[in-house]
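Thanks for making the time this morning. I would like to walk you through one model, going slowly enough that you can follow each point on the screen.

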Amino acid sequence: MVVVVSAMSGETNRLLKLVGQITDRPDEREQDVVVATGEQVTIGLLAMAIQAQQGRATSFLGHQVRIVTDSTFSKARIKSIDAQPIRAALARRHIVVVAGFQGVDESGSVTTLGRGGSDTTAVAVAAALNADACEIYTDVDGVYTTDPNMVPSARKLDRITYEEMLELASVGAKVLQIRSVEFAMKYKVPLWVKSSFTDDPGTLVCEEDSSMEDVLVRGVAYDRNETKITVCGVPDIAGAAAKIFGPLDEKHIVVDLIVQNPSRDGRTDVTFTVGKTDFQTAQDVVRKVAEEIGAAGIETDAEIAKVSIVGVGMRNHSGVAARMFQALSAEGINIQIISTSEIKVSCVVHAKYTELAVRALHSAFGLDQPMPPEGVSAVSETAALKGEKA
């Protein structure tokens with residue numbers, strides 16, 4: 001058995017608070033050195049707890065297992081894992097306890113994987129060991145149709161596809177970190193989401209089968225960690241967009257939704273969203289670029305939220321987007337930006353409407369009703385949407 005653990009509850013926040021007492025804009029390399037210590041305490045304590053019960057256990061930090069990452073501090077990506085130290089400990093019939101959330105770059109500097117990074121460590125280690133399965137134990141007993149704290153009628157799902165879980169994680173669902181799902185999907189690792197406090201079987205994240213396509217929408221997610229930036233009066237010439245987004249990429253700022261308005265008098269507006277943690281840096285970068293390219297200026301809005309519906313059944317049913325827009329319109333919610341993929345539709349709305357929007361969509365797609373048995377076609381959904389076009 002290999003156990004991957006994160007820091008104790010509240011510990012990472014405590015360490016970040018210490019960093020914040022020193023500086024408002026910390027060097028990310030040094031910040032990683034500080035926040036990675038939380039997992040070092042946990043693995044040592046857990047290994048000793050196992051030993052105190054006559055078990056055999058060995059703990060490993062990220063650099064001891066050689067979890068090699070890139071050098072994007074605070075949100076590094078895993079490049080490789082040397083599984084030999086783990087295999088050697090397992091051969092001695094030890095329980096292996098690995099520090100989640102951390103690794104080292106090629107030069108040996110400590111790196112961290114971002115919030116929820118222990119999930120990614122666990123799945124990556126499972127893939128490196130060709131494990132039978134990876135079980136993520138958390139404070140919820142599985143994946144729900146939406147946040148049960150917001151919608152009491154939300155239902156726990158028995159199964160969900162890698163693609164659906166990936167989309168839900170990307171649009172705000174906090175159950176699993178998005179990169180952990182990417183690893184699971186790439187290496188076909190069966191991934192269980194279970195509760196640390198109950199014996200509930202949880203939710204299995206797995207490959208898609210035909211019966212899973214019968215469900216039109218699998219879940220509703222929301223993300224309040226979004227901010228919006230609009231570059232106004234951008235010259236409508238080739239290369240203008242590259243000049244805006246190139247410098248953002250150099251700062252490792254992830255841009256989510258992008259909308260460009262139709263050109264008028266040779267100028268256009270470009271609107272995009274970034275996470276709140278990157279908001280200030282993105283503003284500084286874009287304001288400078290706007291001056292360089294001769295744009296009229298920038299406008300910002302931190303009071304937005306993204307609400308999304310996800311389901312592999314969207315591939316085979318029309319009218320899904322139309323139903324979503326109608327549900328939001330019926331509640332008087334204005335849509336600012338729309339983004340779609342094959343199995344997802346996302347809308348940016350004012351932050352104050354987040355809960356109302358989630359409740360309306362959860363009800364509009366019947367997610368508060370019992371799930372039909374697997375293998376039974378969602379014929380009622382198709383009939384209700386007949387004639388509608390996305």
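This is a predicted model: local features need pLDDT of at least 70, side-chain atom pairs count only at pLDDT 80 or more; totals for chains, interfaces and linings use all residues.

Let me begin with the end of helix α8, where the residue that follows the helix, Lys188, has a positive phi, near 55°. Residues are numbered from 1 along each chain as its sequence is written, and side-chain values use heavy atoms, with hydrogens and water left out.

Two further residues deserve a look for their backbone angles. Asn130, in the loop between α6 and β8 (134-138), has a phi near 55°, a positive value in a residue other than glycine. Asp265, which is found in the loop between β14 (255-260) and β15, likewise has a positive phi of about 55° although it is not a glycine. Are these two residues buried or exposed? Asn130 is exposed, with a relative accessible area of 66%, and Asp265 is exposed at 84%, where exposed means over 50% relative accessible area, buried under 20% and partly exposed in between, with a 1.4 Å probe and protein chains only.

Coming back to α8, its buried residues are Arg179, Ser180, Val181, Phe183 and Ala184. What do they pack against? The partners are β4, α6, α7 (162-170) and β10 (191-195), and contact here means heavy atoms within 4.5 Å.

The pairing of α8 with α6 can be described in some detail. Helix α6, residues 117-129, packs with α8 at an angle of about 15°, with the axes 7 Å apart; the axes are lines fitted to C-alpha atoms, for helices over the stretch in contact, and the angles run from 0 to 180 degrees between N-to-C directions. That makes α6 roughly parallel to α8, since angles under 35 degrees count as roughly parallel, over 145 as roughly antiparallel, 65 to 115 as roughly perpendicular and the rest as oblique. The crossing is left-handed, meaning that the near helix is turned anticlockwise from the far one by less than a right angle, whereas clockwise would be right-handed. On the α6 side the contact is made by Asp119, Thr120, Val123, Ala124 and Ala127, and on the α8 side by Arg179, Ser180, Phe183, Ala184 and Tyr187.

In one of them the side chains of Glu182 and Arg77 meet at 3.1 Å, N to O. That pair links distant parts of the chain, with Glu182 in helix α8 (residues 178-187) and Arg77 in the loop between β3 and β4, 105 residues apart. Glu182 counts as partly exposed at 30% relative accessibility, and Arg77 is also partly exposed, at 42%.

Lys75 forms a salt bridge with Asp278, the closest N and O atoms being 3.6 Å apart. Because Lys75 lies in the loop between β3 (67-69) and β4 (78-81) and Asp278 in the loop between β15 (267-275) and α10 (279-293), this pair ties together parts that are 203 residues apart in sequence. Lys75 is partly exposed at 27%, whereas Asp278 counts as buried at 15%.

A further bridge joins Arg315 and Glu342, with the closest N and O atoms 3.2 Å apart, and Glu163, Glu208, Arg315 and Glu342 are linked in a network of salt bridges. Arg315 is partly exposed at 28%, while Glu342 is exposed at 54%.

How many disulfides are there? A search of the whole structure finds zero, a disulfide being a pair of cysteine sulfur atoms within 2.5 Å. For Cys206, the closest cysteine sulfur is in Cys134, 14 Å away, so the distance is too far for a bond. Cys206 itself counts as buried, at 10% relative accessibility, and Cys347 is buried at 0%.

How values were computed:
A salt bridge is a side-chain nitrogen of Lys or Arg within 4 Å of a carboxyl oxygen of Asp or Glu. Helices (H or I, at least four residues) and strands (E, at least two) are DSSP runs, numbered from the N terminus.
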